[in-house]
Amino acid sequence: MFLVTKVWISNAGEEKAYKSIDESLRKLQTEYIDLLLIHQAYGDVFGTWRAMEKAYREGKVRAIGVSNFQAGRFFDFAHYVELKPMVNQLQCNALAQQTCIEPIHAEFGTKVMAWGPLGGQGAEGIVKSEVLAAIGAKYGKTAAQVALRWLTQRGIVAIPKSSHKERMAQNIDIFDFSLSDDDMAQIAKMNQHDAGTRDFDDPQFVKYLIETYG
């Protein structure tokens, strides 16, 4: 079991974030968290990060990172913090491939964790994709399994969400085949929204988050 949790915007800032980490440990009934993330790129993220660095050095968390930090915001943040983000959790899938941010992540040694790897809302574009289904037919795999394997071969950690046991089993059954270079190239052409469908730089969205949860 690998435990991941986040510091929400309402707990931004060094003091509040540090208290929230202890609260998470208490609620999870564990001595450490495997991965701790800043949920959104707003509020006092630098204060929050200092609290996370402290918790990391104390052994309360084993890895720290961020979530939903787009390219410019991520570079600014990573440039100034002492411990560089180990993970950036982003919407990433065959239709939103996050290729433009890859060189920036590489500069700081940051891995991508893909939320919505099968598309999340509006997932039919992936799970019902004729391109992915045709590729999967060669390997006896579903379109969803091909989409997850594609992410894995890019070195991306995929975290598909499902409440169905059979789909959970299918989602993890992707390590007995490899996509060819041609397969990978075909899927790369499916990209529609490189940085994802949610605009985290939209002032109205930021205003909503801060006024509602800040």
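In the predicted model, the buried residues of helix α7 are Ala143, Ala144, Gln145, Val146, Ala147, Leu148, Arg149, Trp150 and Leu151. Because nine of the 11 residues of α7 are buried, this helix is largely enclosed by the rest of the structure. The elements against which the buried residues of α7 pack are the strands β5 (111–115) and β6 (157–158), together with the helices α5 (124–127), α6, α8 (165–172) and α9 (181–188). Helix α7 is followed by Gly155, a residue whose phi is positive, near 80°.

Two packed helices are described by the angle between their axes and the distance between the axes. For helix α6 (residues 130–139) and helix α7 (residues 143–153), the packing angle is about 90° and the axes lie 8 Å apart, which means that α6 is roughly perpendicular to α7. On the α6 side, Leu132, Ala133, Ile135 and Gly136 take part in this contact, and they meet Ala143, Val146 and Ala147 on the α7 side. When the residues are grouped by class, the contact of α6 with α7 is made up of six nonpolar residues and one polar residue, with no charged residues.

Helix α5, one of the elements against which the buried residues of α7 pack, contains Gly125. This glycine is partly exposed, with a relative accessible area of 36%. When residues up to four places away in sequence are not counted, Gly125 touches Leu95 and Met190. The C-alpha atom of Gly125 is separated by 9.2 Å from that of Ala94, although the two residues are 31 residues apart along the chain.

Aromatic side chains were examined next. A pair of aromatic rings is described by the distance of the centres and the angle of the planes. The structure holds eight aromatic pairs, among them the pair of Phe69 and Phe77, which is edge-to-face, with 5.3 Å from centre to centre and 65° between the planes. Both partners are buried, as the relative accessibility is 0% for Phe69 and 0% for Phe77. A further edge-to-face pair is formed by Phe75 and Phe108, for which the centre-to-centre distance is 5.7 Å and the angle between the planes is 65°. Because Phe75 lies in helix α3 (residues 71–80) and Phe108 in helix α4 (residues 102–108), this pair ties together parts that are 33 residues apart in sequence. In terms of accessibility, Phe75 is partly exposed, with a relative accessible area of 33%, whereas Phe108 counts as buried at 14% relative accessibility. Phe69 and Phe77 also belong to one aromatic cluster, which they form with Phe46 and Trp49.

The backbone shows positive phi values at residues other than glycine. Most residues other than glycine have a negative phi, and most peptide bonds are trans. Gln29, although it is not a glycine, has a positive phi of about 55°, and this residue lies in the loop between α1 (14–28) and β2 (35–38). Asn68, likewise not a glycine, has a positive phi of about 65° and is found in the loop between β3 (64–67) and α3. With regard to accessibility, Gln29 is exposed, with a relative accessible area of 73%, whereas Asn68 is buried, with a relative accessible area of 6%.

Finally, the cysteines were considered. A disulfide is a covalent bond between the sulfur atoms of two cysteines. The structure holds zero disulfides; Cys92 is in none, and the cysteine sulfur nearest to its own, that of Cys100, is 12 Å away. With a cut-off of 2.5 Å for a pair of cysteine sulfur atoms, the 12 Å between the sulfur of Cys100 and the closest cysteine sulfur, in Cys92, is too far for a bond.

Conventions
Residues are numbered from 1 along each chain as its sequence is written. This is a predicted model: local features need pLDDT of at least 70, side-chain atom pairs count only at pLDDT 80 or more; totals for chains, interfaces and linings use all residues. Side-chain values use heavy atoms; hydrogens and water are left out. Axes are lines fitted to C-alpha atoms, for helices over the stretch in contact, and angles run from 0 to 180 degrees between N-to-C directions. Helices (H or I, at least four residues) and strands (E, at least two) are DSSP runs, numbered from the N terminus. Angles under 35 degrees count as roughly parallel, over 145 as roughly antiparallel, 65 to 115 as roughly perpendicular and the rest as oblique. Contact means heavy atoms within 4.5 Å. Ala, Val, Leu, Ile, Met, Phe, Trp, Tyr, Cys and Pro count as nonpolar, Asp, Glu, Lys and Arg as charged, and the others, Gly among them, as polar. Rings of Phe, Tyr and Trp (its six-membered ring) pair if their centres lie within 6.5 Å; planes under 30 degrees apart count as stacked, over 60 as edge-to-face and the rest as tilted. Buried means under 20% relative accessible area, exposed over 50%, partly exposed in between (1.4 Å probe, protein chains only).
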